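Q: Can you walk me through this model? I'd like the overall layout, then the charges.

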Amino acid sequence: MKSLLDDQVRKSRVPARLDWWQSATGLLLGLFMWTHLLLVSSILISKDAMLYVTRLLEGSTNPSEEGGHPILVSGAAIAIFVLFVVHAGLAMRKFPANWKQWRTMRSHMKMMKHGETSQWWVQAVTGFIMFFLGSAHLIIIASNADKIGPGLSSDRFWSWGLWPLYLILLLAVEVHGAIGLYRLVIKWGIFDGKDPRATRRRLKKIKTGLTIFFITLGLLSFAAYVKIGMERAENGQVGQRYGSEGGEDH
Ligand code: HEM
């Protein structure tokens with residue numbers, strides 16, 4: 001009798017544990033995405049700054065010179081991919097599995113506040129987009145880790161024709177990440193304080209501010225990579241490492 005009860009208690013803890021893992025993987029991915037964009041945006045300082053950041057992340061002891069271990073970047077991309085798949089898999093549990101569940105969910109949603117409903121939708125749609133485009137990006141990065149830098153990355157944006165992928169991915173990631181982190185803070189009551197309603201309003205403003213900040217930063221970086229990519233294509237420098245370009249006008 002006791003063991004049956006124990007078994008039921010253990011089973012009833014499973015959804016809470018899975019929820020915890022969904023939050024934990026989401027938190028890691030959200031923080032990673034903001035850090036990632038700050039690093040990618042080093043191109044806005046200069047090509048040399050982006051090269052320095054690239055070498056630093058390759059574990060180079062002297063990032064001002066050639067050297068480093070791109071395999072570290074491949075490893076990081078694979079680790080992020082694993083987190084990504086776990087997070088997406090856990091989120092899929094909450095999707096309606098059939099038409100009947102779908103109708104029940106819709107009627108529940110109608111009773112919920114509009115804001116919550118649309119947030120759920122935005123997360124589902126952006127999550128779906130990210131799963132495909134993010135996976136493609138991670139596979140490309142993991143298998144081309146030795147070809148990252150101000151020149152070769154810009155070639156990927158323009159000459160490889162990947163700019164639409166980056167543009168859609170940027171918007172999906174920043175919207176999804178900010179809503180996700182906002183909901184996480186609300187769910188676990190992290191900054192509830194004395195007046196949770198006022199806190200929620202403040203958090204909403206912070207969420208909107210961060211989304212605008214990161215999308216703007218992303219779009220500016222996007223424009224910089226596309227511009228460099230176009231110039232390199234015009235000068236016949238595609239595929240050449242930054243600093244070693246020959247090209248037609250050299
Ligand atoms: C360890 C994992 C990752 C690494 C090393 C990495 C690296 C890079 C690099 C080097 C670029 C510049 C373009 C290029 O070289 O192709 C870039 C751009 C970008 N990455 Fe990642 N990435 C990682 C994970 C992700 C993930 C998981 C996402 C989203 C799901 C993502 C979204 C983006 C976006 C949207 C851009 C374009 C940014 C812009 O236009 O301003 N990355 N990434």
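The chat below covers the fold, the surface and the charges of this predicted model.

Q: What box do the C-alpha atoms fill?
A: Roughly 80 × 40 × 40 Å, along the principal axes.

Q: And how much of the chain is buried?
A: Of its 250 residues, 36% are buried.

Q: Which share of the contacts joins residues at least 24 apart?
A: 70%, counting contacts between residues at least 6 apart in sequence.

Q: Switching to surface. What is the accessible area, and what share belongs to carbon and sulfur?
A: The accessible surface is about 15400 Å². Carbon and sulfur atoms account for 67% of that.

Q: Now charges. How many positive and negative ones are there?
A: There are 29 positive and 18 negative charges in the protein chain. Their mean positions lie 20 Å apart.

Q: Which residues gather in a patch of positive charge?
A: Arg197, Arg201, Arg202 and Lys205 form such a patch on the surface.

Q: Where is Arg201 placed?
A: Arg201 is in helix H8, which covers residues 196–234.

Q: Is Arg201 buried or exposed, and why?
A: Arg201 counts as exposed because its relative accessibility is 55%, and the cut-off for exposed is over 50%.

Technical notes:
Residues numbered from 1 in each chain as written. Predicted model: local features only at pLDDT ≥ 70, side-chain atom pairs only at ≥ 80, totals over all residues. Heavy atoms only, no water. Patch = residues over 30% accessible without salt bridge, like charges linked within 9 Å, V, L, I, M, F, W, Y side chains within 5 Å. Areas by Shrake-Rupley, 256 points an atom, 1.4 Å probe, with all protein chains shown as cover. Salt bridge = Lys/Arg side-chain N within 4 Å of Asp/Glu carboxyl O. Lys, Arg positive; Asp, Glu negative; His and termini not counted. Charge placed at Lys NZ, Arg CZ, Asp CG, Glu CD. Helix = DSSP H or I, 4+ residues; strand = E, 2+ residues; numbered from the N terminus. Buried < 20%, exposed > 50% of the residue type's maximum accessible area, 1.4 Å probe, protein only. Contact = heavy atoms within 4.5 Å.
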